[in-house]
Amino acid sequence: MALLYRGHVGRGLAWRQLIADAEPDLPVRLWPEIGDPADVRYLACWKPPAFERFPNLEIVFSTGAGVDQFDLAGLPARVPLVRMVEPSLTEGMVEYVALAVLALHRDLVAYVDQQRRRAWGEFDIRPAAERRVGLLGLGELGRACAARLRSLGFPVSGWTRRPREVPGVACHAGPEGLSAFLAATDILVCLLPLTPETRGILDARLFAALPAGASVVNAGRGGHLNAPELLAALDSGHLAAAVLDVFEPEPPPPDHPVWTHPKVLLTPHAASRTEPRSGVAFVLDAIRRHRAGEPLVGVVDRARGY
Ligand code: NDP
Ligand code: OXD
């Protein structure tokens with residue numbers, strides 16, 4: 001029985017050491033040294049190899065929260081796909097979203113642009129209580145971000161697929177709840193999974209439904225965004241600024257206007273990441289639960305796509 005890790009080499013070495021310390025009876029193999037594929041019971045990866053090579057798989061782990069990078073064809077229905085639900089990933093995203101929302105709230109993107117142009121002009125300061133933040137997605141990450149944003153003083157609302165109740169958050173759900181949610185959002189933060197339903201959701205129609213002067217943060221996936229329509233909404237002045245952590249493709253082509261657009265702050269898919277110690281703790285807990293016949297945390301619903 002073995003766990004196969006396929007991903008960042010340095011993090012793989014850290015995973016192997018941490019698992020050796022905590023669970024010496026579980027050998028860890030690092031891709032491409034897979035050994036006998038029949039030994040591989042657990043696979044942890046960002047992008048999976050062909051599942052057919054591993055006839056005895058019991059659990060497949062995504063080393064991230066998202067699973068849109070997985071082609072599940074070939075993964076038998078009996079093998080659960082488990083995504084990361086662990087504190088380092090959540091806290092990283094909470095920090096990033098707080099950073100992005102505060103940057104937009106305090107006009108940092110516009111100040112950086114001014115500095116480049118050697119311009120000196122101040123913008124009005126608006127209280128956080130008057131800046132409404134709307135979260136697309138109130139899942140593991142969205143709910144944690146909502147709590148931190150509330151503690152910073154922002155009124156927070158959220159939009160989900162199914163109706164939800166989150167204390168202190170004005171909740172909206174489904175296509176029928178989207179317009180009211182958008183109309184009451186000054187800073188929109190996308191923390192959705194990428195599915196056929198959410199692909200391209202950040203488009204001209206959605207931007208037009210936001211109040212004039214609103215801003216956008218995309219920390220979900222690049223496939224959520226229609227980039228030309230975002231740049232058009234920024235150029236028209238309807239949107240004030242955007243903070244983008246994800247893009248399609250990553251990185252954007254060298255001549256793409258998003259690199260230099262004065263109203264865009266771009267980061268290289270770096271909002272958050274699973275730190276080896278807490279990732280390994282999550283995986284070992286899942287394996288223990290699986291062996292004990294207990295329910296797993298973070299199982300992906302394949303029909304829903306997240
Ligand atoms: P969850 O699965 O816990 O939450 C997803 C949320 O999105 C849920 O609230 C869900 O609604 C909502 N949602 C899904 N589909 C729809 C839809 N069609 N309409 C409305 N709401 C929808 O995911 P996480 O919070 O853990 O992660 C979210 C995403 O963040 C990941 O999938 C990944 O793409 C991205 N991510 C990005 C990182 C980065 O570094 N940039 C790092 C980590 C994650 P409901 O509550 O009804 O199910
Ligand atoms: C993730 C990511 O999904 O890092 O975890 O994007």
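Trainee: Which residue in β4 does Ala44 stand opposite?

Mentor: Ala44 faces Phe61 in β4. First, the ground rules. This is a predicted model, in which local features need pLDDT of at least 70, side-chain atom pairs count only at pLDDT 80 or more, and totals for chains, interfaces and linings use all residues; side-chain values use heavy atoms, with hydrogens and water left out. Residues are numbered from 1 along each chain as its sequence is written, while chains are lettered from A and ligands numbered from 1 in the order in which they are written.

Now the pair itself. β3 covers residues 40–45 and β4 covers residues 59–62. Strands pair if DSSP finds at least two bridges between them.

Step out to the sheet. It is open, and its five strands run in the order β2-β1-β3-β4-β5 with parallel pairing. β2 (28–30) and β5 (81–82) are the edge strands, each pairing on one side only. Helix α1, residues 9–22, packs on this sheet and touches β1 (2–6), β2 and β3. The direction of α1 makes about 170° with that of β2. Contact means heavy atoms within 4.5 Å. Axes are lines fitted to C-alpha atoms, for helices over the stretch in contact, and angles run from 0 to 180 degrees between N-to-C directions. Helix α8 (residues 276–292) lies across β1, β3, β4 and β5. Its angle to β4 is about 155°.

One loop here deserves a check. Pro32 sits between β2 and β3. The peptide bond joining Trp31 and Pro32 is cis, with omega at about 10°.

Next, the other sheet. It is also open, with seven strands in the order β8-β7-β6-β9-β10-β11-β12 and parallel pairing. β8 (169–173) and β12 (264–266) are at the edges with a single partner strand each, so one side of each has no neighbour in the sheet. From one strand to the next, the twist averages 15°. β11 (residues 239–244) pairs with β12 in the parallel sense over three bridges. In that pair, Leu244 stands opposite Leu266 of β12.

Helix α5, residues 174–183, lies across β6, β7, β8 and β9, running at about 155° to β7.

Pro249 is in the loop between β11 and β12. The bond from Glu248 to Pro249 is cis, and omega is near 0°. Asp107 lies in the loop between α2 and α3 (108–116). Asp107 is not a glycine, yet its phi is positive, about 60°.

Now ligand 1. A residue counts as near a molecule if one of its heavy atoms lies within 4 Å of it. The shell of ligand 1 has 28 residues, of which Arg83, Arg162, Arg164, Asp245 and Tyr306 are the closest. By class, there are twelve nonpolar, eight polar and eight charged residues. Ala, Val, Leu, Ile, Met, Phe, Trp, Tyr, Cys and Pro count as nonpolar, Asp, Glu, Lys and Arg as charged, and the others, Gly among them, as polar.

Look at the distances to oxygen atoms of ligand 1. A polar side-chain atom of Arg162 lies at 2.6 Å. A polar side-chain atom of Arg83 lies at 2.8 Å. A polar backbone atom of Leu141 is at 2.9 Å. On its own, ligand 1 exposes 940 Å², and the protein buries 95% of that. Accessible areas use the Shrake-Rupley method with a 1.4 Å probe.

Last, ligand 2. Its surroundings are Trp46, Gly64, Ala65, Gly66, Leu89, Arg221, His269 and Ser272. They divide into three nonpolar, four polar and one charged. Oxygen atoms of ligand 2 are again the place to look. A polar side-chain atom of His269 lies 2.6 Å from an oxygen atom. For an N or O atom in the side chain of Arg221, the distance is 2.7 Å. For a polar backbone atom of Gly66, it is 2.8 Å. The protein covers 82% of the 210 Å² of accessible area that ligand 2 has on its own.

Conventions
A polar contact is a pair of N or O atoms within 3.5 Å; within protein, one must be able to donate a hydrogen and the other to accept it, and residues adjacent in sequence count only if both atoms are side-chain atoms. Helices (H or I, at least four residues) and strands (E, at least two) are DSSP runs, numbered from the N terminus.
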